Amino acid sequence: MTDSPLRDSPVQVANKSSNVSALAARGISFRQLWRREWHVKQQGAVQWLYPLVLFLVIITLFPLAVGSEPALLQRLGVSAVWIAALLSLVMGVDGLFKPALDNGTLAQLVVAKASLPLWVLIRLVIHWIFSSGIVAVLSLLAVPLFQLSWFEAWILMASIVTGSPMLLMLSAVASSLTLSLKNGAVLVPLIALPMQLPVLIFATGAVDLFATGLNGLPILALLLAGSIISVLVMPWVIAMTLKMAWLN
């Protein structure tokens, strides 16, 4: 995905370049950042469709590989869907910040004194909508593919919604840390996956508890709390890392 300039119009881009002081005084609003990032995401439809296709391929081929025994499919279905969701999420984070650094968007934001944490948060929220948000809905395919009940499927979707923001923030941190490296995209899964495994274990455990008639709400609440804390804290950490990468 290739980021477009901060302003869509070439005339506005030229004006911004020649009047940096005015931009710094005025700043860049939340609405401008959101519209810009939403437009960029729509332009790069092919890139964000790849992880969704990967998710569909994994959950479709998995039942064909393990067989059609209902008991086995029900036992492995939740783990298979969550592993597919995790892999599709990791696959899509390598291009979160690299294009912005390469084409000068990050430099424009720094020079214009825009709020980097706000920009990071907006970028990640939009990325979550087009990745894990859609994956959460697609996880309902576990009903026909893995013979799960609708109740288990809804709990599975809830676990993805509550746990995936934390996974995305951890992946984004790994992506920002490897931004200045030549082959940093290869290192992103190696850095992110060890931190993400506890989320995977807790999320699948919550669904299993509900499936056996026990209460898994405390685990879902723990995942939600972790995601909220990550959303509040991680954008600041990522913003500092991005600024250091730009300065270097």
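1. Buried, in this note, means under 20% relative accessible area, exposed means over 50%, and partly exposed lies in between (1.4 Å probe, protein chains only). The model is predicted, so local features need pLDDT of at least 70 and side-chain atom pairs count only at pLDDT 80 or more, while totals for chains, interfaces and linings use all residues. Residues are numbered from 1 along each chain as its sequence is written, and side-chain values use heavy atoms, with hydrogens and water left out.

2. Overall make-up. The protein chain has 12 helices and zero strands; helices (H or I, at least four residues) and strands (E, at least two) are DSSP runs, numbered from the N terminus. Of the 248 residues in the protein chain, 47% are buried. Contact means heavy atoms within 4.5 Å. Among contacts with a separation of 6 or more, 78% are between residues 24 or more positions apart.

3. Helix H3. This helix covers residues 30–43. The expected span of a helix is 1.5 Å times one less than its number of residues. For the 14 residues of H3 that gives 20 Å, and the end C-alpha atoms are 20 Å apart, which agrees. Leu33, Arg36, Glu37, Val40 and Lys41 of H3 are buried. They lie on the same side of H3, because they cover an arc of only 135° around the axis; the arc is that of the directions from the helix axis to the C-beta atoms. Arg31 and Arg35, on the other side of H3, are exposed.

4. H3 against H8. The axes of these two helices come within 10 Å and cross at roughly 40°. Axes are lines fitted to C-alpha atoms, for helices over the stretch in contact, and angles run from 0 to 180 degrees between N-to-C directions. Angles under 35 degrees count as roughly parallel, over 145 as roughly antiparallel, 65 to 115 as roughly perpendicular and the rest as oblique. H3 and H8 are therefore oblique to each other.

5. H8 against H10. The axes of H8 and helix H10 (residues 150–177) come within 10 Å and cross at roughly 140°. That makes H8 oblique to H10. This crossing is right-handed. The H8 side includes Leu124, Trp128 and Ser132, and the H10 side includes Ile160, Ser164 and Leu168.

6. Ser132. This residue is in helix H8 (residues 116–138) and counts as buried, at 6% relative accessibility. Not counting residues up to four places away in sequence, Ser132 touches Leu89, Ile160 and Ser164.

7. Ser88. Ser88 is found in helix H5. Its relative accessibility is 4%, so Ser88 counts as buried. Neighbours within four places in sequence aside, Ser88 is in contact with Pro51, Leu54, Phe55 and Val135.

8. Val93. This residue is in the loop between helix H5 (70–91) and helix H6 (98–102). Val93 is buried, with a relative accessible area of 0%. Beyond four places in sequence, Val93 contacts His127, Leu168, Ser171, Ser175 and Val188. Val93 and Ser175 are 82 residues apart along the chain, and their C-alpha atoms are separated by 6.8 Å.

Technical notes: A crossing is left-handed if the near helix is turned anticlockwise from the far one by less than a right angle, and right-handed if clockwise.
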